[in-house]
Amino acid sequence: MRSAAISARRRFTALAGTVALALTAAGCGGGTGSASADGKVTSITALDYYTDTAEHAQWGARLTACGKRAGVTVEHRSVPGASLVPQVLRQASSRTLPDLLMLDNPDLQQIAQTGALTPLDAYGVDAGGYAEGIRSAGTYRGKVYGLAPTVSTVALFYNKDMLAEAGVAVPRTWAELKKAAAELTRPGRYGMAVDANATFEGTWQFLPFLWSNGGDETRLDAPQAAQALQLWVDLVRSGSMSQSVLNWTQADVHDQFVAGRTAMMVNGPWRISELDKAATLHWGVAPLPVREAGQTVVTPLGGEVWTVPQNSSKARQKKAAQVLACLNDSRSMLALARQYHTVPSRTAVASRYAREVPSMAAFVRSVERARARTGRLGVKWPRAATGIYTAVQAALTGEQTPREALRHAQRIATGS
Amino acid sequence: MRRAGSLRRPRLPERVTRWLFLLPALAYLLLFFGYPLVENVVMSFRQYSASTFYTGEAPFAGLRNYAEVLPSDLFREAVLTTVLFTVGSLVGQFVIGLALALFFQRRFPLNGVLRSLLLLPWLLPLVVSGTTWRWMLDTDTGVVDRALRDLHVVSSGVPWLTGTSEALVSVILVNIWVGIPFNTAILYGGLQAVPAHLYEAAKLDGAGPVASFRHVTWPLLRPVAGVVLVLGVVYTVKVLDIILVVTGGGPADATQTLATRSYALSFQQFDFGRGAALGNVLILLSLVLALVHLRAGRRALDSRGVVR
């Protein structure tokens, strides 16, 4: 008995030792970036959500090149889009944030509010010449925390062959859109497709219709918002748009378009490289229709901003800021824009790009007026976004009229 | 041996040894169950937000999170949906599971192969089966609607995932499909424990298949059935992945359960306090059911003792 107790105790000591060792190892694993003996920073870490193999490699190469200029190597990691913010929050609480962090632009204010990011003016990063939309997305309480090399937005993609065959012109107003969509609808094919699912992605696709009509996320119960939602409801009711839009992601909408099951869709330029792969598909892109001729199209601004999180080492932050500045110089902007069919976020660079790549001119024009989702509401945006997709879902299923649905959305947005 | 031990008071080293044997299990429970549970309860009384992660500041909010979450319409709807989802899933899983278990009790060729194939839904990652179901249930292109149309059961497509009443039925059907293997496996095991001579005796007494099920199988299976049902409830109340993948809680919140609401509050709106408050309601519910389960388990043991 006695010997058993001793051996059990010994085993426990061994176990405790192992646990302690494991904890130490985990603690050490936190900050991976290293500094050489004389305190000079030799490597920094970077985190983004470019998990696609090709994209990850391309960004890795870009970060390495920019790191070389700053005299550091960059350890590049990517996590899936949906888990980036939860990951960042975890790292914020354990003080293991990367030196360089990419965020989707509507998330920036939320993360900046936590205090986990540093303002970029402290490092002398040039934040001038940016289009208003992306500047406001990267700004929290008057300070710039994030800069995006390139930005994007949504537009109307259409199948040229289907439009020609039906004798339909590219719609510019909502009335034309409804008519065109109805005429393009055939058995096994719809005229139009959007993403109306119950996520922020559904909200993002509804925004251009809301904003172009003079609607606003601060007044969702206004008639302009109801008119915009009525358009989507009409398209589904008339059978020009599948009821399945309620459950489609943007990727699903793209798949429908490529498979020839829809003649038009709302989507973004990041789809272009995939669309180009479909050899038999002849597609065109146009600004989204507005309710009445003469209204300006206002689309939501998409794009990822790069930030420098709080960190114990000032030297590492400085290096990270240098890499960030390099990612955001005109040369990187142009290269990235060409690679991913996006638009450089400095207006001067964007107009040069529009001259060089005429097919992107439509996007360059709409990005100039594009609005950041957090522009009006800041950190309160997620509530409004939830209200909007809830209203879209309620109206498209026929649970509520667009008016009722949006009145409810306004209550969700204001938290009452 | 045991009686001898209980007569005298164990010496100190012996008692220490006993505790040392318990220690790993206790440490594990405290670290991985106790700590998160307490943390979740504490969280629900605090105003937790995204900034809390960095600053560590979560001001005490008292019962405010509960006061905001519990009286809302959304909560009532979520409770109703959760109840419908759970009851629907359980009835479906149990009835089909029991039918299959009875079927596999007969001897026929390929019985073993078929029985192991039946476990397939259990082995597939839920995201994979969920995504596949999402495709199959699509109104325009899904195989389910096409089959129904070709068989002239319906004239136009059923909006499986996009109709507000159909969507709940769809996620229930998918969840039934996922749960059948578990029910079949456990109930089949329970059926194996029913002594064959009882069936022979029943047959001699002139009992048909229905009567022998009612008077022999069911009474002896009841304890196992109770365990299956209670575990089923605990598994079903917390289902998150299937709903998120198949409908995402839509359309128009038609498939929002307590679990998906709690997830949305915490991880989409970063309102961890309210998310935790809702999560605690679920924990409480599961806890009550777990107690029922433990009692049912004890009763199962007792009744088996009586039979033997």
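A crossing of two helices is called left-handed if the near helix is turned anticlockwise from the far one by less than a right angle, and right-handed if clockwise. This is a predicted model, in which local features need pLDDT of at least 70 and side-chain atom pairs count only at pLDDT 80 or more, while totals for chains, interfaces and linings use all residues. Residues are numbered from 1 along each chain as its sequence is written, and chains are lettered from A and ligands numbered from 1 in the order in which they are written.

**First stop: two helices of chain A**

Select residues 223-237 of chain A, helix H9, and then residues 402-414 of chain A, helix H17; helices (H or I, at least four residues) and strands (E, at least two) are DSSP runs, numbered from the N terminus. H9(A) passes H17(A) in a right-handed crossing, and the residues that meet there are Ala225(A), Ala226(A), Leu229(A), Gln230(A) and Val233(A) from H9(A) with Pro402(A), Arg403(A), Ala405(A) and Leu406(A) from H17(A).

**Second stop: helix H3 of chain A**

Next, select residues 81-93 of chain A, which form helix H3, and pick out its buried residues, Leu84(A), Val85(A), Val88(A), Leu89(A) and Ala92(A). A residue is buried if 20 or more other C-beta atoms lie within 10 Å of its own, exposed if 12 or fewer, and partly exposed in between, with C-beta atoms placed from the backbone. Seen down the axis of H3(A), these residues fall within an arc of 125° (taken from the directions from the helix axis to the C-beta atoms), so they line one face of the helix. Their cover includes strand E3 (100-104) and helix H4 (108-114) of chain A, together with H3 of chain B. Just after H3(A), look for Arg95(A), which takes a positive phi of about 55°.

**Third stop: where the chains meet**

Now show both chains: 29 residues of chain B are in contact with 32 residues of chain A, two residues being in contact if their C-beta atoms, placed from the backbone, lie within 7 Å. On the side of chain B that touches chain A, helix H2 (12-44) and helix H3 (50-55) of chain B each supply at least two residues, and H2(B) gives the most, with 7 residues.

**Last stop: Leu221(B)**

Finally, select Leu221(B), which has its place in helix H12 (residues 209-237) of chain B. Leu221(B) is buried, with 20 other C-beta atoms within 10 Å. Leaving aside residues up to four places away in sequence, Leu221(B) touches Leu187(B), Gly190(B), Leu191(B) and Val194(B).

Technical notes:
Axes are lines fitted to C-alpha atoms, for helices over the stretch in contact, and angles run from 0 to 180 degrees between N-to-C directions.
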